Amino acid sequence: MAGFIERERWKSFLDEFTKRNQFRATRLEVVGEIGAQEEEEYLPLVGVSFEPKGSAAGSVGIVLGGESTKDERHLEHFIPKPERIAPLIGPEGLEGGLGFEDQDGGKTILTFAKLPEIPENTSGH
């Protein structure tokens, strides 16, 4: 991952990232000792935050889920000791997600998913 965000900018960067990308469909993967594990696909982004204080100080939280309280889909993923954060650029040159690397070398990859399109003619008529 290239183009890392400076640690002192993490909170403001992640707050702005959330504002720009809230409710976009996502894909979350965690890469560690056992390889890549997909955590979810297509849940909308609720937010990404850096916790500078309190019991979770120094951690990053990723919250994905439904767009309303009626939607029960929900996932929270925490990175307790992130070392590096890098913006990911998609194939069209647009913001494509974020990459995180923790102290143990584990990686968390949050990318924006393109929802599958429904064909215009689905009934065969």
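A pocket is an open set of points on a 1 Å grid over the protein atoms alone, with protein on both sides within 12 Å along at least five of seven lines, and its lining residues have an atom within 4 Å of a point. Its volume is the space filled by probe spheres set on the points, which are joined across faces, edges and corners.

The model is predicted: local features need pLDDT of at least 70, side-chain atom pairs count only at pLDDT 80 or more, and totals for chains, interfaces and linings use all residues. Residues are numbered from 1 along each chain as its sequence is written, and side-chain values use heavy atoms, without hydrogens and water.

**View A. The second largest pocket holds about 160 Å³ of space.** V30, V31, G32, E33, I34, G35, Q37, D102, D104, G105 and G106 form the lining. Strand β1 (25-32) gives the largest share, three residues; strands are DSSP runs of E, at least two residues, numbered from the N terminus.

**View B. The largest pocket has a volume of about 180 Å³.** Strands β6 (95-102) and β7 (107-112) each supply at least two lining residues. Among the lining residues are R24, E92 and K114.

**View C. Helix α1 covers residues 10-21.** Helices are DSSP runs of H or I, at least four residues. W10, F13, L14, F17, T18 and N21 are buried in α1, that is, under 20% relative accessible area with a 1.4 Å probe, protein chains only. These residues are on the same side of α1, because they cover an arc of only 135° around the axis, taken from the directions from the helix axis to the C-beta atoms. Just after α1, F23 has a positive phi of about 75°.

Definitions and conventions
On a 1 Å grid over the protein atoms alone, a cavity is a set of points where a 1.4 Å probe fits but cannot get out, and a pocket is an open set with protein on both sides within 12 Å along at least five of seven lines; lining residues have an atom within 4 Å of a point. The expected span of a helix is 1.5 Å times one less than its number of residues. Buried means under 20% relative accessible area, exposed over 50%, partly exposed in between (1.4 Å probe, protein chains only).
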